[in-house]
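This briefing is meant to be read alongside the sequence and the three-dimensional view. Please keep both at hand while going through the points below.

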Amino acid sequence: MGVKFKDIISPEKINLKDLDGKIIAIDGANTIYQFLSSIRQRDGTPLMDKEGNVTSHLSGILYRTSSIVEKGIKPIYVFDGKPSEFKGNTVEQRREIRQNAEKEWKKALKEGNEAKARKFATRSSRMSPYIVDSSKKLLEFMGIPYVQSFGEGEAQAAYMVRKGDAWGVASQDYDCLLFGSPKIIRNLTISGNLSDLEYLELKKTLSQLSVSREQLIDVALMVGTDFNKGIKGVGSKTGLKIMKKSNLESYLKEKNINLDLDIDELRNIFLNPEINKDYEIKWKSVDKEGIIDYMCVQHDFSEERVLSAIKKMGKLNTTQKSLEDWFK
DNA sequence: CTCAATGA
DNA sequence: TCATTGAGG
């Protein structure tokens, strides 16, 4: 879910056109999870091929990626590696929520309550190895590069932006700020064409809040992150106030609160994450035969629609080819 | 979520 | 051109 910073963040509204020509590192886990949650029938059933394999994520990746490529964006997907040992509680909690949601979904289906069914189905989405593997496979056919992180994908993506390999990170999670991504895009959708696109700069955000990145991380630790529970009764606004007149250690001491975790170790998750520096970014031309076999033959997608998506990918290939030709 | 058809 | 709607797999 990420840290709850919504109330203290003031994003800029931007247009898709503003991203023309930009390399965007896409938070794969975040994006795919959203596809799995939202691409469903009215009763909550996900899209599936004839064999019953879920295909919602493939639909989302194919159509959104081809559309943003058509708009001039050069995407790189970034996948999560091993979850941090601190994430254990969060992982466990999410599994419970998922399992409960699945029960409620089936119950609502029996009752014939479509709205309720969909609501719970949305929450039952799960990232299986199949989901990740099939996503990577599709990206390979599409010629879209992806990077495998060692740990958190957001940390890897942030590194890539700092290094200049990408212009910004696309993710819904504010965690990217904590990981130090200089630029963040939220709501990178194709329907959110009009004005929903949000743009955040780390520098601007910090100066608006009058804190350092280190202080913002401490605010997050008070509010609660995927890696720790946080302090009861402290939200982002309160946390910010505390940080401005005190600091985390003093506050904990003053209120006699024990976080039960090594604070410096928590800070290090954001400040010194393990990064995969051995990656290659290259956009290739679409494997038209491969993509049609994979999507249409193996997963029952409409050939007409897949072909139209392939067509949109053309923008990327021509730029890439002309560049390659130039250096030959 | 995105597509494509539809009608304003 | 734009908003709406049902289907997609």
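By class, the surface near DNA strand B comprises four nonpolar, eight polar and three charged residues, as seen in what is a predicted model.

**Surfaces near the DNA**

- DNA strand B is surrounded by 15 residues, of which Tyr63, Arg64, Thr189, Ile190 and Ser191 are the closest.
- The surface near DNA strand C divides by class into four nonpolar, six polar and three charged residues.

**Domains of chain A**

- The domain assignment divides chain A into domain 1 (1-209) and domain 2 (211-271), and the C-alpha centres of domain 1 and domain 2 are 26 Å apart.
- To the contact between them, domain 1 gives 17 residues and domain 2 gives 18 residues.
- On the side of domain 1 that touches domain 2, the elements supplying two or more residues are α7 (175-178) and α8 (202-209), and the residues of that side comprise 10 nonpolar, four polar and three charged.

**The annotated binding site**

- According to the unreviewed UniProt entry, the annotation "binding site" covers Asp27, Asp80, Glu152 and Glu154.
- These residues gather at one spot, because no two of their C-alpha atoms are more than 9.7 Å apart even though they span 128 residues in sequence.
- Asp27 is placed in strand β2 (residues 23-27), and it counts as buried because it has 30 C-beta neighbours inside 10 Å.
- Beyond its neighbours within four places in sequence, Asp27 is in contact with several residues, including Val78, Glu154, Ser171 and Asp173.
- Glu154 belongs to helix α6 (residues 153-163) and is likewise buried, with 31 other C-beta atoms within 10 Å.
- When residues up to four places away in sequence are not counted, Glu154 touches Asp27, Val169, Ser171, Asp173, Asp175, Cys176 and Phe179.

- In helix α12 (residues 263-271), the buried residues are Leu266, Ile269 and Phe270; they are on the same side of α12 because they cover an arc of only 90 degrees around the axis.
- Asp264 and Asn268 are exposed on the other side of α12, while the cover over the buried residues of α12 includes α7 and α9 (213-223).
- The loop between α11 (248-254) and α12 holds Asn256, which is exposed, with 6 other C-beta atoms within 10 Å.
- Asn256 has a positive phi of about 55 degrees although it is not a glycine.
- As background to this value, most residues other than glycine have a negative phi.

- Leu138, a residue of helix α5 (residues 129-142), is buried, with 21 other C-beta atoms within 10 Å.
- Apart from neighbours within four places in sequence, the contacts of Leu138 are with Leu58, Ile61, Leu62 and Tyr294.
- From C-alpha to C-alpha, Leu138 and Gln93 are 30 Å apart in space, with a separation of 45 residues in sequence.
- Tyr294 is itself among the buried residues of helix α13 (residues 288-298), together with Ile291 and Met295; seen down the axis of α13, the buried residues fall within an arc of 80 degrees, so they line one face of the helix.
- The face of α13 turned away from its buried side carries Glu289 and Val297, which are exposed.

**Asp300, after helix α13**

- Asp300 follows α13 and lies in the loop between α13 and α14, where it is partly exposed, with 14 other C-beta atoms within 10 Å.
- Although Asp300 is a residue other than glycine, its phi is positive, near 65 degrees.

Methods: Residues are numbered from 1 along each chain as its sequence is written. Chains are lettered from A and ligands numbered from 1 in the order in which they are written. This is a predicted model: local features need pLDDT of at least 70, side-chain atom pairs count only at pLDDT 80 or more; totals for chains, interfaces and linings use all residues. A residue is near a molecule or strand if its C-beta atom, placed from the backbone, lies within 6 Å of it. Ala, Val, Leu, Ile, Met, Phe, Trp, Tyr, Cys and Pro count as nonpolar, Asp, Glu, Lys and Arg as charged, and the others, Gly among them, as polar. Domain bounds come from an automatic or database domain assignment. Two residues are in contact if their C-beta atoms, placed from the backbone, lie within 7 Å. Helices (H or I, at least four residues) and strands (E, at least two) are DSSP runs, numbered from the N terminus. UniProt positions are given in the numbering used here, feature names are shortened, and annotations may be inferred rather than shown by experiment. A residue is buried if 20 or more other C-beta atoms lie within 10 Å of its own, exposed if 12 or fewer, and partly exposed in between; C-beta atoms are placed from the backbone. The arc is that of the directions from the helix axis to the C-beta atoms.
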